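Subject: Structure handover

Hello,

Here is the structure you asked for. My notes on it follow below.

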Amino acid sequence: MSADATELRIVGFLCNWCSYGGADTAGVGRFQQPTDLRIIRVPCSGRIDPLFVVKSLIEGADGVLVSGCHPRDCHYSEGNYYARRRLEVLKRFLPILGIDPRRFEYTWVSASEGQKWKTVVSKFTEHIHELGPAPRLDSEACAQAAAIALQGL
Amino acid sequence: MKIGVFVCHCGSNIAGTVDVARVAEEARKLPDVAFASDTMYACSEPGQEGIIEAIREHNLDGVVVASCTPRMHEPTFRRTVERAGLNRYMFEMANIREHVSWIGKDIEANTGKAIDLVAMAVAKLTHDKRLTAKKFSINKRVMVIGGGVAGIQAALDCADGGLEVVLVEKTPSIGGKMSKLDKTFPTIDCSSCILGPKMVDVAQHPNITLYANAEVAGVQGYVGNFEVSVNRKATYVDWEACTGCGQCMEKCPSKKSRDVFNEDIGTTTAINIPFPQAIPKKASINPEFCMKLTKGKCGVCEKICPTKAIRFDQTDAEAVENVGAIVVATGFDLFDHTRYGEYGGGRYTDVITSIQYERLLSASGPTGGHIKRPSDGKEPENVVFIQCVGSRDKSIGRPYCSGFCCMYTAKQAILTKDHLPESQSYVFYMDIRAPGKLYDEFTRRAMEEYGARYIRGRVSMIYPKGDRYVVRGADTLMGAAVEVEADLVVLAVGAESAKGAPQLAEKLRISYDTYGFYMESHPKLRPVETNTAGVYLAGACQGPKDIPSSVGQGSAAAAKVLALFSKDQLESDPQISEVDIKRCVGCGKCIETCPFTAIELTEFRGQPKAKVIETVCQGCGNCTTTCPQGAIQLQHFTDNQILAEVNVLCQQTLPNYG
C-alpha cells in the first residue's frame, strides 16, 4: 500500500500473451503488490493507441503503465516493435500536452516473469505516489506547460 | 441492455480478501445491470447452471463474471452463456483473483479495486457485439520438428493414427540424445536396443516423410493451414543413391575429422555415417574437414563410391510443406562445462562430461565400450563424478534442477563397476533427487550393491598431480574438507535449452522462458499446448525431462493433433479486424503495418479500400492503432470498447483526494 494509504489512479494497458500472463503468474505466486493499478487487457501492445494513454492521463489517471512482450518475443511477430516506436514518440510528446512524462512508463514483462511484474508494479506505484495526485488540467495549466515545453525546444 | 453480474467467491480464494457481497451490491447500481449476485464457485456445475437460470429468468443480454483470469475460464463461461442462448461474445470477465485477492490482503482496498474491475467489464460489455465464427477446412498433415525420442514417438503415434507426418531433424540422423546413451536408468536397458526399432519404424512407415539434416526456415499461416519452409542442408551425397555401404568411410584420408556424434571423444572421417544404427543410414560430408571441398584435392570417395552418389557441387535446397499442426520436439543441449574454470573446464584431458563418458561406455563408441582415459588410454582406478555442473547454480545463470543428472550419475557409477570391477567410484552431490518410479531404489543400489561412495558437498577445485588429478571438495555431512585422487573425472552436466531455441520460437510465434525453454499454455492443465493454436510441445524443449516423460509427452502431443484433426472444419476466431468501408480512404497504412499480410487493397465503386482476409488475420489490432480514420476496428477490442474501460476508470470512480 501507498505511504499515505490513499490510492492513486493508475491504469495499466497489458498485452494478453506476455504481461497479462505475467500479472497472472504474479497472482498465482501470491506476490503482494500495491492495489492502485487497474489493468485493461488488450491482445497486443501494438493495439494500444497512444491516444488511450493521453486520454487516461487527461481524464484523471495519475499514472499509466503499458507492458508488452519482450522485443523478439511477440505473439504477433512484431506488434511490440510498433508499440515501442509509438510509445517512445508519445513519451517525448507528453510535455507538449502539458502532461508530466514521468507519469507514463512502458515495460516488457513475459508471462513467466511474475516476480518481475511485482517489481515493475511496486516501483511504478511508488514513483507515482512520489509525484502525488496529478493536477487537474485547466486552460492556464495547459498554457504554462506548453510554454515550458516550447522553451525546451 | 440487461446485464447480469456474477461475483465468484472461489471458495476463500477471493472471498477471503474481497467483500464479494459488496462487489455484487455495487454492481447492481451500475447502469444496464439488471441482475447481480455472488456465487460460491461460478465455474462449477451449479455455478454455471445458476448463470444460465439467471439469464433466462431475467432475460439478460450479456453476462459479466468476476472471478479468475480470462486466460483460465473465459472459454468455459463463453460456453455457459451460449448454452443459455446468448452469443458467446456477449460475455466479459473481471479478474478479481489473480489481479486482486491473491496480491493484496487489505479487504477495503481489494473490494474497491474489484468494484472498479467489474464496472470496467460492464462498460466494455455495453459495447460488445454478437460475433459469429466462420468455418474453414483443415489440412490434415502434421510436421514434427526434432527427431529425438519425443519427436519419434509423436511422429509414430500420428502416423499410426492415419496422419501424414513430416519429420524434420537438424542432424544427419534421428535418435537425438537418447541414441548417444549406452544404457538407461533405472532398468539398465540398452538404449539403442529399445530406440533402434522405433527409429527403423520411422524410416519404414508409409505415412512418414523424413527430412534429416534439415532445419525449419520459416513458418506462415495459422492452425489448420501452416506453410513451413524447410532448409535441407547440403550433405554432398545424393541420398537417393547412397546405400550406406560405408566404403567411403574406409577410404577417406581425412581421418582426424571432428566426431560430433561421439562428442569429440575420438575422431572420424570427413565423409561418414554418424553411427551404425543411424536413420537414415546415409553418408554425409563434413565440409570443414573434406580436402576436396577445402583444398580442391582428393575426391577419393567419389572414385570409390559404387553407386556414384557423391555430389561435391550440392547446395542447400528448400522444401515447402503444408501442414495443419506442428509438434515441436527440439530437445535440449548439455551445459558447456568449460565455464567451470576451477574444474579444469576443457584444459584437463581426463576431466570429461557425462555424455562423453556415455560414449566411452557404449559398445558402439570410439573405444568399443572399454573405459579408457582419453589422455593415455589406461583403465582408471578411481573415477570421480561431480554432480550439478550447470544445475542449481545461480552464479552461472542455471538456478534450476536439470532433473536427470542424479539418475544418470548413479547409472554410470553402476556401469563403471560392471566394466571395471576393481575400480572405485566417488560421487560428489548436493542432494539426491530421485522421485520417479524405482528411481530411489536405483540410487541406493549404486551405493549399497555397487559400492559407489557418495559425498555430500560441492567440489571447489580440481588440479593435476602426476598423471592423476586431485579433486578437492567439502563433505558437508562430516563438516570436513576432503580430497580424492582421481584417474578420471566425470562432470554431470545439466541441461539447457537447445541452441537457436528462441529463434525457432520467434518463427513459430510461441513463448519461451528466461532460460530459452518453450512455455506451455498452462503449467498444469495444458502441458503440451502452446499459446499458438495448432503448435504443440513434446519433450525437453519445454524443460529438462527424462526418457519416460519425453515419450509420454510425445504421445500426448500426438493425441492433441489427432483430436484437432478429428474435425473436418475448424471455427475461426471472429475477434479479427473489420473495415468500415464508408470511413476507409484506402491509404494502405494498415496493409503496410499488418505482420501477417492479412489485409489487401480492393476497389469499391472505383475507390481503393482495405479488405481483411478473415482466415489470415490473427487479431493483434496493429492495423486499428495505425488507421488515421479509425476505419479498421479489431472486433471485441474496438476503440470504443477500450475507451469505455478508460472512462470508467478515470472518470466515474475518482477517489476523493481530500
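α6(B) passes α15(B) in a right-handed crossing (a crossing is left-handed if the near helix is turned anticlockwise from the far one by less than a right angle, and right-handed if clockwise). Helices (H or I, at least four residues) and strands (E, at least two) are DSSP runs, numbered from the N terminus.

Before the rest, two points on the source. This is a predicted model, in which local features need pLDDT of at least 70 and side-chain atom pairs count only at pLDDT 80 or more, while totals for chains, interfaces and linings use all residues. Residues are numbered from 1 along each chain as its sequence is written, chains are lettered from A and ligands numbered from 1 in the order in which they are written, and side-chain values use heavy atoms, with hydrogens and water left out.

**The α6/α15 pair**

Two packed helices are described by the angle between their axes and the distance between the axes. For α6 (residues 149–160) and α15 of chain B, the angle is about 35° and the axes are 8 Å apart. Axes are lines fitted to C-alpha atoms, for helices over the stretch in contact, and angles run from 0 to 180 degrees between N-to-C directions.

On the α6(B) side, the contact (heavy atoms within 4.5 Å) is made by V149(B), A150(B), Q153(B), A154(B), D157(B) and C158(B). From α15(B) come I547(B), S550(B), V551(B), G554(B), S555(B), A558(B), V561(B) and L562(B). Nine of the residues in this contact are nonpolar, four are polar and one is charged. Here Ala, Val, Leu, Ile, Met, Phe, Trp, Tyr, Cys and Pro count as nonpolar, Asp, Glu, Lys and Arg as charged, and the others, Gly among them, as polar.

α15(B), residues 547–564, is also touched by the buried residues of α13(B), which pack against α12 (405–419) and β23 (453–456) of chain B as well. Which residues of α13(B) (439–448) are buried? They are Y439(B), F442(B), T443(B) and A446(B). These residues cover an arc of only 95° around the axis, which puts them on the same side of α13(B). The arc is that of the directions from the helix axis to the C-beta atoms. Buried means under 20% relative accessible area, exposed over 50%, and partly exposed in between (1.4 Å probe, protein chains only).

**The five-stranded sheet**

Chain B has an open sheet of five strands in the order β10-β7-β6-β18-β29, with parallel pairing. Two strands pair if DSSP finds at least two bridges between them. β10 (208–211) and β29 (535–537) of chain B stand at the edges with a single partner strand each, so one side of each is left without a neighbour in the sheet. Neighbouring strands of this sheet are turned by 20° against each other on average, direction ignored.

β7(B) (residues 164–168) pairs with β10(B) over four bridges in the parallel sense, and L167(B) has L210(B) as its bridge partner in β10(B). α6(B) packs on this sheet, where it touches β6 (141–145), β7, β10 and β18 (325–328) of chain B. The direction of α6(B) makes about 165° with that of β7(B).

**The four-stranded sheet**

A further open sheet in chain B has four strands in the order β2-β1-β3-β4, again with parallel pairing. Its edge strands, β2 (33–39) and β4 of chain B, pair on one side only. On average, neighbouring strands here are turned by 15° against each other, direction ignored.

- β1(B) and β2(B) are joined by six bridges, and F6(B) stands opposite S37(B) in β2(B).
- β1(B) (residues 3–8) and β3(B) are joined by five bridges, with V5(B) opposite V64(B).
- β3(B) and β4(B) (residues 91–95) pair over five bridges, and F91(B) is the bridge partner of V63(B).

In a regular strand the side chains alternate between the two faces of the sheet. For β3(B), G62(B), V64(B) and A66(B) are buried on one side, and V63(B), V65(B) and S67(B) on the other. Six of the six residues of β3(B) (62–67) are buried, so this strand is largely enclosed by the rest of the structure.

R78(B) lies in helix α3(B), residues 70–83. R78(B) is buried, with a relative accessible area of 8%. Leaving out residues up to four places away in sequence, R78(B) touches R88(B), Y89(B), F91(B), Q575(B) and H636(B).

**Chain A**

Chain A has five helices and four strands, which run β-α-β-α-β-α-β-α-α from the N terminus on. Of its 153 residues, 59% are buried.

Regards
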